[in-house]
Amino acid sequence: MAAGPPVLLGLRDAAMAGPCRGGGQAPAWATNKLGGSADWVPSVRPRCPCCGVCGGALAHLVQVYCPLGGSPAHRLANVFACAGSGCWGAPGSWQVLRSQYVPTREEKAQDHSAKQKQESNFAARDWCDEADDWGACDGAESPACTSLQLLGLNETMSSSLSREVECASQFQQLRLSEATDGSGFLNTHPPVSEGMVMATSSSAPVFQPFYISVVDEEDYTGFLDTDHADKLLKEYQQREGVDLEQLMSESFAGEGDNEKYEKSEVKSRDHTFHKFMKRISACPEQILRYSWGGQPLFITSPPASINKGVPACSNCGSKRVFEFQLMPALVSMLQSDSDLSVEFGTVIVYTCERSCWPTNHQTPLEEFVFVQEDPDQRLFK
C-alpha cells in the first residue's frame, strides 16, 4: 500500500442508550456516532439544516470529532442528508457542517483537574472506558491529549497497547498546513446560504444512534479476504453482464474511435469499482474512512476535473483537502422506527486545509461534499 497519511476506519459499535455522561467523561460533542441528533461545541448555536431540493429537514447521519495536531481547537464535523427518495444524490440534499471551539485557560485547568480525578479512579469502568470510539469518553482536554483517546487508549491493559500507541502517534502527526486562529478573517464569512435555512429540530427525521469505533486500516491488510472480494465482484459482473478480466485485457486495435471510447469508458468504470471493492474487502463493514490530507477512494470514475471542481473555502479562500468519506455499509446500518433511508455509494468530504474559524463565530461553517451513487447497492445489503 502506498505511503501517505494514515487511514482510520470507522465501524458501527454499540447502540447509544443515552448521552455519554458522568465520571469525567467527555461532553456529547466529543463523541463519534452515526444517527441521533447532532451535538454542537460550546459557543456554536444549534442548527437544523434544510434540504435545498425539497425544503424538508435534513437527517443527521454521522458526527466525527476530529481535532487536528498543531491546533488548540476542538473540532467537529456533522454530516446531514435528505431522507426523501426523490432527493437522494441531488445537489443541495447533503450538507457537512464544521464547528470549532478553543477552550479558555480556566476551562483547560478544569479539564486537567477532571483528567487527574479520572486517572486516580481508573478502576471505574463503563462502556466508554472500554470502547474504542473516537474521543468519546475522557475529559475535554486539548486535542494533543484527545487524539490518544481517539483510539481508546484508556484500555491500557490491552495486549495490543503498543500497536494502538503507534496508531495514535500517526494520528497526532496530522498537521495544519499553516497554523491559524482565523482572526484575520473576522466577519468575512458570507451570509447563510439557501441550504442553511433552518428547520425546527423536532421536524428533523432521526436515525437510531450508535457509537463509532475506530481501527487502523493497516491492522487489516494482513487479513485480506480475497475470496469475499472475488465473490462480490463475480455477483456484480453476472448482474451487469460484463467480464472485467476481458475488458481489462482486450485490445482496441482496429476499432472505430467512438467504439474505442465507449469500451474504454466501461473499462475505466469497472476498474475503479474493482479497485474500490478490493481495498474495502479487508474490512467490508467499514462505514467511514478518515485520512485528513490523504486520498479518497472513489467507487466509480470521478470527473477528470474533480480536483479543480472542489471549491476553495468560502471563508478564507484556502483550498480544501480530503478529510473523510462515508462508505456503502453505512446505508444498511441507518435504522429508524419509521421507514427512513438514504441511498448512496460513497460520500466524500473536503474541508478547509487551514481549518479556519473566525473569531467569536457562532454558526458552523459549511464544507464541500461530493456524492457518488452506488453502481449496485445490493452488494452491501
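1. Contact here means heavy atoms within 4.5 Å. Setting aside neighbours within four places in sequence, S318 is in contact with A312, C313, C352, E353 and R354. S318 is found in the loop between α8 (306–309) and β8 (320–326). Is S318 buried or exposed? S318 is buried, because its relative accessible area is 11%.

2. A caution on confidence. This is a predicted model. The chain averages a pLDDT of 74, and 60% of the residues score at least 70. Over residues 118–196, pLDDT stays under 50. The model still has 182 contacts beyond four places in sequence for that stretch. Residues 251–255 also stay under 50, with six such contacts. Where pLDDT is low, the predicted coordinates should not be read in detail.

3. Now the fold. Ten strands close into a barrel. Their order is β1-β6-β2-β3-β4-β5-β10-β9-β8-β7, and the pairing is antiparallel. Strands of a sheet pair through backbone hydrogen bonds.

4. β3 covers residues 59–65 and β4 covers residues 74–81. The two pair in the antiparallel sense over six bridges. Which residue stands opposite A59? In β4, A81 does.

5. Look next at R98, in strand β5 (residues 94–101). R98 counts as buried, because its relative accessibility is 1%. Its side chain makes a polar contact of 2.6 Å with the side chain of Q100. The R98 side chain also reaches the backbone oxygen of C356 at 2.8 Å.

6. The surroundings of R98 deserve a look. Leaving aside neighbours within four places in sequence, its contacts include R75, L76 and A77. Also among them are C352, S355, C356 and W357. P364, L365 and E367 complete the list. C352 is in contact with S318 as well.

7. Last, the cysteines. How many disulfides does the model have? The count comes to zero. C54 is in no disulfide; its nearest cysteine sulfur, that of C82, is 3.7 Å away. C82 is in no disulfide either, and its nearest cysteine sulfur is that of C54, 3.7 Å away.

8. C82 is buried, with a relative accessible area of 5%.

Technical notes. Residues are numbered from 1 along each chain as its sequence is written. This is a predicted model: local features need pLDDT of at least 70, side-chain atom pairs count only at pLDDT 80 or more; totals for chains, interfaces and linings use all residues. Side-chain values use heavy atoms; hydrogens and water are left out. pLDDT is the predictor's confidence in each residue, from 0 to 100. Two strands pair if DSSP finds at least two bridges between them. Helices (H or I, at least four residues) and strands (E, at least two) are DSSP runs, numbered from the N terminus. Buried means under 20% relative accessible area, exposed over 50%, partly exposed in between (1.4 Å probe, protein chains only). A polar contact is a pair of N or O atoms within 3.5 Å; within protein, one must be able to donate a hydrogen and the other to accept it, and residues adjacent in sequence count only if both atoms are side-chain atoms. A disulfide is a pair of cysteine sulfur atoms within 2.5 Å.
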